[in-house]
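I opened my notebook to walk through one structure, entry by entry. Please keep the picture beside you as you read.

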Amino acid sequence: MKVCITKNYEDMSRKAANIIFSQIITKPDCVLGLATGSSPVGTYKELIKSYENGDLDFSAVTSVNLDEYRGLSGDSDQSYRYFMNHNLFDHVNINKAHTYVPDGKEPDADKACKAHDDIINEVGGIDLQLLGLGHNGHIGFNEPSDVFPKGTHCVDLTESTIEANKRFFESESDVPRQAYTMGIQNIMMARKILVVVSGADKAAILKKVVDGPVTPQVPASILQFHPDVTIIADEAAAAEL
């Protein structure tokens with residue numbers, strides 16, 4: 001596990017984008033595992049700049065997203081499909097037919113989760129998985145638990161996650177209570193993993209992820225066992241390391 005400490009969020013975003021940039025340049029038809037939330041937004045902005053400058057070509061890239069709220073359609077402005085379109089896909093030359101997000105409108109959870117797992121297998125696995133880090137150590141929507149979930153599954157969101165995400169909705173009651181998310185095994189099978197972490201409110205959990213015991217109570221701690229993980233954290237998030 002490599003930990004890179006940067007001055008601030010902007011510097012973190014640039015360095016993360018450089019790693020993804022290198023992945024695309026090295027393998028133009030790579031499969032990117034993508035994340036949502038506030039942490040990767042700056043990274044996506046940097047990638048868009050590289051595309052607009054003519055330095056990056058997304059035309060052969062495939063993407064597979066970590067998660068989606070159960071019950072939201074892709075055209076809902078709170079869905080993660082909408083987030084990806086708004087923050088990246090609409091601004092680069094990626095083929096949207098090759099961008100995959102779990103189907104939040106599929107009411108059959110087993111069917112939705114199997115379909116997403118099948119897609120990951122069909123595209124040949126993930127070359128580089130981008131992750132954020134939740135306040136309780138979740139990656140994707142893999143919440144603290146007694147076990148590490150394997151494949152894509154339906155989760156009940158914890159109160160802390162609902163609290164963290166309510167800023168994106170009109171009220172807390174509008175936040176979905178369930179989501180479809182890749183499992184820990186899905187994530188760990190990615191060839192490379194890149195984690196972006198920003199802010200003093202993430203310092204305590206990042207300390208547990210990097211230096212604490214590996215436990216499903218801190219889901220991201222499993223990353224200690226992956227052979228190629230880079231964590232890019234700003235100084236505030238890295239304060240306790």
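**Entry 1: a pair of strands.** In which sense do S9 and strand S10 pair, and over how many bridges? I looked it up: S9 and strand S10 (residues 229-234) pair in the parallel sense, over five bridges. This is a predicted model, in which local features need pLDDT of at least 70 and side-chain atom pairs count only at pLDDT 80 or more, while totals for chains, interfaces and linings use all residues. Residues are numbered from 1 along each chain as its sequence is written, and side-chain values use heavy atoms, with hydrogens and water left out.

I also noted my terms. Helices (H or I, at least four residues) and strands (E, at least two) are DSSP runs, numbered from the N terminus. Two strands pair if DSSP finds at least two bridges between them.

In strand S9 (residues 192-197), five of the six residues are buried, so the strand is largely enclosed by the rest of the structure.

**Entry 2: the whole sheet.** I traced seven strands in an open sheet with parallel pairing, in the order S1-S10-S9-S6-S2-S3-S5. Which strands stand at the edges? They are strand S1 (2-6) and strand S5 (99-100); each has a single partner strand, so one side of each is left without a neighbour in the sheet. S5 is joined by two bridges to strand S3 (residues 62-65), and the two run parallel. Valine 64 stands opposite tyrosine 100 in S5.

**Entry 3: the chain as a whole.** I counted up the elements and got seven helices and 10 strands. The radius of gyration is 17 Å, close to the 18 Å that the globule rule gives for 241 residues, so the chain is as compact as a globular protein of that length. This radius is taken over C-alpha atoms, and the rule is 2.2 Å times the number of residues to the power 0.38. Along its principal axes, the C-alpha trace spans about 45 × 40 × 35 Å. Of the 241 residues, 54% count as buried.

I then turned to contacts (heavy atoms within 4.5 Å). Among those between residues at least 6 apart in sequence, 79% join residues at least 24 apart.

**Entry 4: helix H3.** How many of the eight residues of helix H3 are buried? Six are, and helix H3 (residues 80-87) is mostly covered. The buried ones are Tyr80, Arg81, Phe83, Met84, Asn85 and Asn87. Their cover includes strand S2 (31-34), helix H2 (41-52), S3, S4, S5 and helix H5 (159-165).

I looked at asparagine 87 by itself: its place is in helix H3, and at 15% relative accessibility it counts as buried. Leaving out residues up to four places away in sequence, asparagine 87 touches Val41, Tyr44 and Ile48.

**Entry 5: aromatic rings.** My rule here was that rings of Phe, Tyr and Trp (its six-membered ring) pair if their centres lie within 6.5 Å; planes under 30 degrees apart count as stacked, over 60 as edge-to-face and the rest as tilted. The count comes to five aromatic pairs. Why is the pair of tyrosine 69 and phenylalanine 141 called tilted? The ring centres are 5.8 Å apart and the planes are at 40°, so the pair is tilted. This pair links distant parts of the chain, 72 residues apart: tyrosine 69 is in strand S4 (residues 67-69), and phenylalanine 141 is in the loop between strand S6 (128-131) and strand S7 (153-156). Both tyrosine 69 and phenylalanine 141 are buried. I also saw that ring pairs link Tyr69, Tyr80, Phe141 and Phe169 into a cluster.

Entry 6: Is serine 50 buried or exposed? Serine 50 is found in helix H2, and at 17% relative accessibility it counts as buried. Serine 171 lies in the loop between H5 and strand S8 (178-181), and at 28% relative accessibility it counts as partly exposed.

Definitions and conventions:
Buried means under 20% relative accessible area, exposed over 50%, partly exposed in between (1.4 Å probe, protein chains only).
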